[in-house]
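Comments are set out as numbered points.

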Amino acid sequence: MSSLQFKDKWVLITGASAGLGKELAIQLARDYHANLILIARREGKLSELQSFLISQYDIHVKYLVADLSVQEDLEKVYQFSISNNVYGMILNAGVTYFGEDCQLEFAQAKKIIETNINSVVYLTQKFVQYFETKKQEGALMLVSSMAAMFPAPYQSIYSGTKSFLFSYGHALSHELKNKQFSISIFAPGGMQTEMTEGDSFGGLQKWLMPVNQAAKDALAGFAKRKYTILPGWQNRIGAKFMRLLPLKFLGNQMEKVYKKSLDNSK
Ligand SMILES: NC(=O)c1ccc[n+]([C@@H]2O[C@H](COP(=O)([O-])OP(=O)(O)OC[C@H]3O[C@@H](n4cnc5c(N)ncnc54)[C@H](OP(=O)(O)O)[C@@H]3O)[C@@H](O)[C@H]2O)c1
């Protein structure tokens with residue numbers, strides 16, 4: 001299967017107003033000269049990014065304000081994307097909760113599941129059906145996490161959603177019949193973004209990767225249609241090493257590190 005050529009093609013990025021999504025947008029414009037469809041809830045941030053990208057990189061940029069936890073908005077995102085002949089789709093938006101699961105209200109847990117899982121399943125199914133029927137060239141990248149591969153205590157619900165995406169995306173990629181369409185899974189470790197700005201992540205800052213480095217590796221892997229993309233050699237070695245260790249041992253180690261960070265933030 002040939003590599004993806006993003007130049008002058010339309011690429012959708014969900015969660016483009018901040019963090020990894022914003023950085024992916026900047027690098028797709030700067031390094032690949034892609035046209036962009038940006039999705040998030042905060043219009044001011046999307047509009048500001050649109051103006052910056054158009055003025056700096058001479059590309060086309062459109063945005064749509066959408067709440068991905070709301071069903072009607074998902075259909076709008078899909079229709080907006082295909083009406084612009086979308087070529088690449090990066091389903092990046094995600095939310096977390098860092099704390100004891102038993103203190104999490106069910107309404108908040110539901111919101112996390114709706115944003116991290118329901119929205120991705122809805123859009124993935126629609127895009128896969130579209131590309132399988134049209135037999136057009138394109139690709140989808142789901143943003144999971146390294147937290148999908150080991151127990152992440154105090155981020156239990158979040159790591160569960162990311163494990164879902166990791167398994168779902170990989171499994172689905174084997175069902176594709178269109179040989180010009182692929183699904184990649186990006187699974188970063190911790191990154192410096194709005195998500196990890198809070199006090200509770202304070203003790204974890206030294207483990208976090210600069211988001212521009214993570215985005216660079218994500219796009220290089222996506223362009224090559226890699227099956228699983230892990231950014232940074234430390235994460236790649238770490239992932240191989242972790243597979244050799246008992247899951248319970250890994251969970252115990254993670255519990256100590258995360259608990260310390262949580263306790264220090266109180
Ligand atoms: N940061 C990390 O350490 C880390 C590690 C591994 C994986 N990841 C994954 O990487 C992805 C990006 O995370 P990040 O660190 O860049 O997070 P972030 O800085 O918090 O940004 C999250 C983005 O998602 C958007 N978003 C959240 N809820 C939304 C909703 N209901 N509807 C539409 N957009 C929504 C936000 O935009 P609005 O608020 O404007 O809607 C924002 O643009 C996530 O899937 C996350 O799970 C992050």
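The points below take the basis of the values, then the ligand, then the cavity.

1. This is a predicted model, in which local features need pLDDT of at least 70 and side-chain atom pairs count only at pLDDT 80 or more, while totals for chains, interfaces and linings use all residues. Residues are numbered from 1 along each chain as its sequence is written, and side-chain values use heavy atoms, without hydrogens and water.

2. The ligand is surrounded by 31 residues (a heavy atom within 4 Å of it). Arg41, Asn92, Tyr158, Lys162 and Thr193 are the closest. The shell divides into 13 nonpolar, 13 polar and 5 charged residues (Ala, Val, Leu, Ile, Met, Phe, Trp, Tyr, Cys and Pro count as nonpolar, Asp, Glu, Lys and Arg as charged, the others, Gly among them, as polar). Helices α1 (19-32) and α5 (156-173) each supply at least two residues of this shell.

3. Oxygen atoms of the ligand lie 2.7 Å from a polar side-chain atom of Arg41, 2.6 Å from a backbone N or O atom of Asn92 and 2.5 Å from a polar side-chain atom of Thr193. Of the 880 Å² of accessible area that the ligand has on its own, the protein covers 95% (Shrake-Rupley method, 1.4 Å probe).

4. The whole structure has 1 cavity of 30 Å³ or more (points on a 1 Å grid over the protein atoms alone where a 1.4 Å probe fits but cannot get out). The largest cavity holds about 40 Å³ of space. Its lining (residues with an atom within 4 Å of a point) includes Asn92, and helix α4 (residues 106-134) gives the most to it, with 3 residues. That lining has 5 nonpolar, 3 polar and no charged residues.

Definitions and conventions
Polar contact = N/O pair within 3.5 Å; in protein donor to acceptor, adjacent residues only side chain to side chain. Helix = DSSP H or I, 4+ residues; strand = E, 2+ residues; numbered from the N terminus. 1 Å grid on protein atoms, 1.4 Å probe; cavity = no way out; pocket = protein on both sides within 12 Å on 5 of 7 lines; lining within 4 Å. Points joined across faces, edges and corners; volume = space filled by probe spheres on them.
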